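Reader: I would like to learn how to read a helix in a model. Please take me through one.

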Amino acid sequence: MDEVVRHAEAALRCHPAPAVRLSELLSLVRSRMCDRALTVALLRTVLEARPPAFRILDAGGGPWRAARPPRSGQGEERAAWVVVVPDPRDQHLP
């Protein structure tokens with residue numbers, strides 16, 4: 001899974017946007033790894049296991065979630081966004 005993390009971090013750091021949809025990040029990681037077995041759910045699990053490096057932004061993940069009718073899990077995964085957390089050691093102070 002370290003390879004997935006490396007490719008996800010590289011893709012996010014090279015991307016012009018500060019956040020990327022989880023489904024788009026999956027496409028970027030798959031293209032770098034040539035691995036079609038990686039799924040949105042697995043990618044999310046791998047990234048959530050590394051909170052110092054990644055944040056999953058999911059507006060549908062709060063306590064209000066129970067008030068919504070259930071949807072398919074994949075649609076909810078696609079609504080999530082991912083950001084890479086900058087390493088404080090890389091930031092230079094003036």
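Reader: Which residues are buried in α2?

Author: First, the source. This is a predicted model, where local features need pLDDT of at least 70 and side-chain atom pairs count only at pLDDT 80 or more, while totals for chains, interfaces and linings use all residues. Residues are numbered from 1 along each chain as its sequence is written, and side-chain values use heavy atoms, with hydrogens and water left out. Buried means under 20% relative accessible area, exposed over 50% and partly exposed in between (1.4 Å probe, protein chains only). In α2 the buried residues are Leu22, Leu25, Leu26, Val29 and Met33.

Reader: Why do the buried residues of α2 line one face of the helix?

Author: An α-helix has 3.6 residues a turn, so residues three or four places apart point the same way. Seen down the axis of α2, the buried residues fall within an arc of 105 degrees, so they line one face. The arc is taken from the directions from the helix axis to the C-beta atoms.

Reader: What counts as a helix here?

Author: Helices (H or I, at least four residues) and strands (E, at least two) are DSSP runs, numbered from the N terminus. The chain has 4 helices and 3 strands, in the order α-β-α-α-β-α-β.

Reader: Where does histidine 7 lie, and which residues does histidine 7 touch?

Author: Histidine 7 is in helix α1 (residues 2-14). Its relative accessibility is 17%, so histidine 7 counts as buried. Contact means heavy atoms within 4.5 Å. Leaving out residues up to four places away in sequence, histidine 7 touches Val29, Arg32 and Met33.
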